[in-house]
Amino acid sequence: MHRYRRCLCIGSDTKQEELEYGFEVGKRPILMTCPNCFNPQRTKISYFSTNRTDIAALCLIPFLLCWLPYCTPFFRRARHYCSVCGIYIGTSRT
Ligand SMILES: [Zn+2]
């Protein structure tokens with residue numbers, strides 16, 4: 001089990017994948033044909049925090065709203081994955 005997990009980590013080089021399928025995407029799931037499995041599908045999204053999220057949180061501390069940027073997609077970037085095969089498709093610009 002441990003061995004399998006380690007192989008997975010080495011095998012998934014995000015930088016490499018980003019170069020390969022650097023599609024321009026927004027923050028909402030999009031309908032597209034997957035470049036890997038060629039299935040028409042709606043992308044799966046995972047949001048992640050950036051410096052911008054942290055700065056927004058710092059600015060909102062006086063208003064006790066510092067949790068807000070972490071809960072809204074507006075201050076976070078979105079990574080898109082194929083919902084069929086799970087391959088990385090692209091990341092939103094902001
Ligand atoms: Zn796919």
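What is the order of the strands in the open sheet, and what is the sense of their pairing? The order is 3-4-5, and the pairing is antiparallel.

## Model and confidence

The model is predicted; local features need pLDDT of at least 70, side-chain atom pairs count only at pLDDT 80 or more, and totals for chains, interfaces and linings use all residues. Residues are numbered from 1 along each chain as its sequence is written.

Mean pLDDT (the predictor's confidence in each residue, from 0 to 100) is 83 for the chain, with 78% of residues at 70 or more. Two residues are in contact if their C-beta atoms, placed from the backbone, lie within 7 Å. Where pLDDT is low, predicted coordinates should not be read in detail.

## Overall fold

The chain has 4 helices and 5 strands, in the order α-α-β-β-β-α-α-β-β from the N terminus. Helices (H or I, at least four residues) and strands (E, at least two) are DSSP runs, numbered from the N terminus.

Of the 94 residues, 11% are buried. A residue is buried if 20 or more other C-beta atoms lie within 10 Å of its own, exposed if 12 or fewer, and partly exposed in between, with C-beta atoms placed from the backbone. Among contacts between residues at least 6 apart in sequence, 58% join residues at least 24 apart.

Strands count as paired if DSSP finds at least two bridges between them. Strand 3 and strand 4 (residues 77–81) run antiparallel and are joined by 5 bridges. Among these partners, K44 is bridged to Y81 and S46 to R79.

## Strand 4 and the hairpin

Strand 4 also pairs with strand 5, antiparallel, over 3 bridges; here H80 has G90 as its bridge partner. The hairpin of these two strands has 6 residues between them, and G86 takes a positive phi near 85°.

In a regular strand the side chains alternate between the two faces of the sheet. On strand 4, A78 and H80 form the covered face, whereas R77, R79 and Y81 form the uncovered one.
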